Amino acid sequence: MDELMDTQESQKVYVVGGQHLQNALLTEFLDKASITASAVKSVEQVDEDALRAVEQNLFLVDFHSVDVNDVITRLLETDKRLDSEILIGVFNVDDDDDLSRLAGLPMVNGGFQHDCPQGLLTKGIKSMFEGELWFPRKVLQQYLVKSRAFNKTFGRNEVNLTDREIEVLKVMATGAKNSEIATVLNLSPHTLKTHIYNIFKKINASNRLQAVNWAQENL
């Protein structure tokens, strides 16, 4: 495992969509901004060996030409098998309502509207790699209110979390990334992901934000 980590690249963006010229130009722009990127028509074009070779993989999905839910379904199972981290961002989003719906989906860490300035796009991508959620403040506030109301319906006594899962949740609630949680708790990346998926299932959370809110309310 140590040898693998020594040879891994740090981060890579896959621009996913059917609009070839637009995505090629976006990839070129990201490369000039020192963000390694490739354009692909679908997630199936990226094999698991390529993902393993990079510590953090971000799939930047075109809202207009790709089914985001299909991407999530395909990447969820892939993510469980890897020591690398897979993130999803969505660009070309029409409005705040669409962004609000995206904020509630698993693995989606950020969204960018169709008129997002290039500088803000690169800032958002780098923030997602740092473990942050990247949505407009208004969207996050609305989602946070809904998410907290959702989590209050699940009491601590109703959820059978193991001691280790509680430890993972507590560290996650500090804003730590997966790699940092694994280091703090001396867990392999694969074991950590198994704990996270089990936690999400037990508390009925669809994403990290819901899990953190649940932890703040119940632990």
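## Exercises on helices, sheet and charges

H8 passes H9 in a right-handed crossing; a crossing is right-handed if the near helix is turned clockwise from the far one by less than a right angle, and left-handed if it is turned anticlockwise. The model is predicted, with local features needing pLDDT of at least 70 and side-chain atom pairs counting only at pLDDT 80 or more, while totals for chains, interfaces and linings use all residues. Residues are numbered from 1 along each chain as its sequence is written, and side-chain values use heavy atoms, leaving out hydrogens and water.

### Exercise 1: two helices that pack

Describe how helix H8 (residues 163–172) and helix H9 (residues 178–185) pack. Then find which residues of H8 are buried.

*Solution.* 

Step 1. Two packed helices are described by the angle between their axes and the distance between the axes. For H8 and H9 the angle is about 130° and the axes lie 10 Å apart. Here axes are lines fitted to C-alpha atoms, for helices over the stretch in contact, and angles run from 0 to 180 degrees between N-to-C directions.

Step 2. That angle makes H8 oblique to H9. The classes are: under 35 degrees roughly parallel, over 145 roughly antiparallel, 65 to 115 roughly perpendicular, and the rest oblique.

Step 3. Look for contacts (heavy atoms within 4.5 Å). From H8, Arg164, Glu167, Val168, Val171 and Met172 meet Ile181, Val184 and Leu185 of H9.

Step 4. Now check burial, where buried means under 20% relative accessible area, exposed over 50%, and partly exposed in between (1.4 Å probe, protein chains only). In H8 the buried residues are Glu165, Ile166, Val168, Leu169, Val171 and Met172. They pack against H9, helix H10 (189–203) and helix H11 (208–218).

### Exercise 2: building the sheet

In what order do the 5 strands stand in the open sheet? Which strands stand at the edges?

*Solution.* 

Step 1. Strands of a sheet pair through backbone hydrogen bonds, either parallel or antiparallel. To count as a pair, two strands need at least two bridges found by DSSP.

Step 2. Reading across the sheet, the order is E2-E1-E3-E4-E5, with parallel pairing.

Step 3. Strand E2 (37–40) and strand E5 (108–113) are the edge strands, and each has a single partner, so one side of each lacks a neighbour in the sheet. From one strand to the next, the twist averages 20°.

Step 4. Count the bridges, pair by pair:

- E1 and E2 are joined by 4 bridges, and valine 15 has alanine 39 in E2 as its bridge partner.
- E1 and E3 are joined by 7 bridges, and glutamine 11 stands opposite glutamine 56 in E3.
- E3 (residues 54–62) and E4 (residues 85–93) are joined by 7 bridges, and leucine 60 has glycine 89 in E4 as its partner.

Step 5. Helix H6 (residues 118–129) lies across strand E1 (9–16), E3, E4 and E5, at about 175° to E5.

Step 6. Zoom in on H6, which holds threonine 122. This residue counts as buried, at 11% relative accessibility. Leaving aside neighbours within four places in sequence, threonine 122 is in contact with Phe29, Leu30, Ala33 and Ile35.

### Exercise 3: charged pairs

How many salt bridges are there?

*Solution.* 

Step 1. Side chains of opposite charge can pair when their charged atoms come close. A salt bridge is a side-chain nitrogen of Lys or Arg within 4 Å of a carboxyl oxygen of Asp or Glu, and the count comes to 12.

Step 2. Glutamate 28 and lysine 32 meet at 3.5 Å, N to O. Both sit in helix H2 (residues 20–32), 4 residues apart, about one turn. Glutamate 28 is partly exposed at 41%, whereas lysine 32 is exposed at 68%.

Step 3. Glutamate 77 and lysine 80 meet at 3.4 Å, N to O. They lie 3 residues apart in helix H4 (residues 68–81). Glutamate 77 is partly exposed at 43%, and lysine 80 is partly exposed at 33%.

Step 4. Finish with a network: salt bridges that share partners join Glu48, Asp49, Arg52 and Arg81. Within it, glutamate 48 and arginine 52 have their closest N and O atoms 3.3 Å apart.
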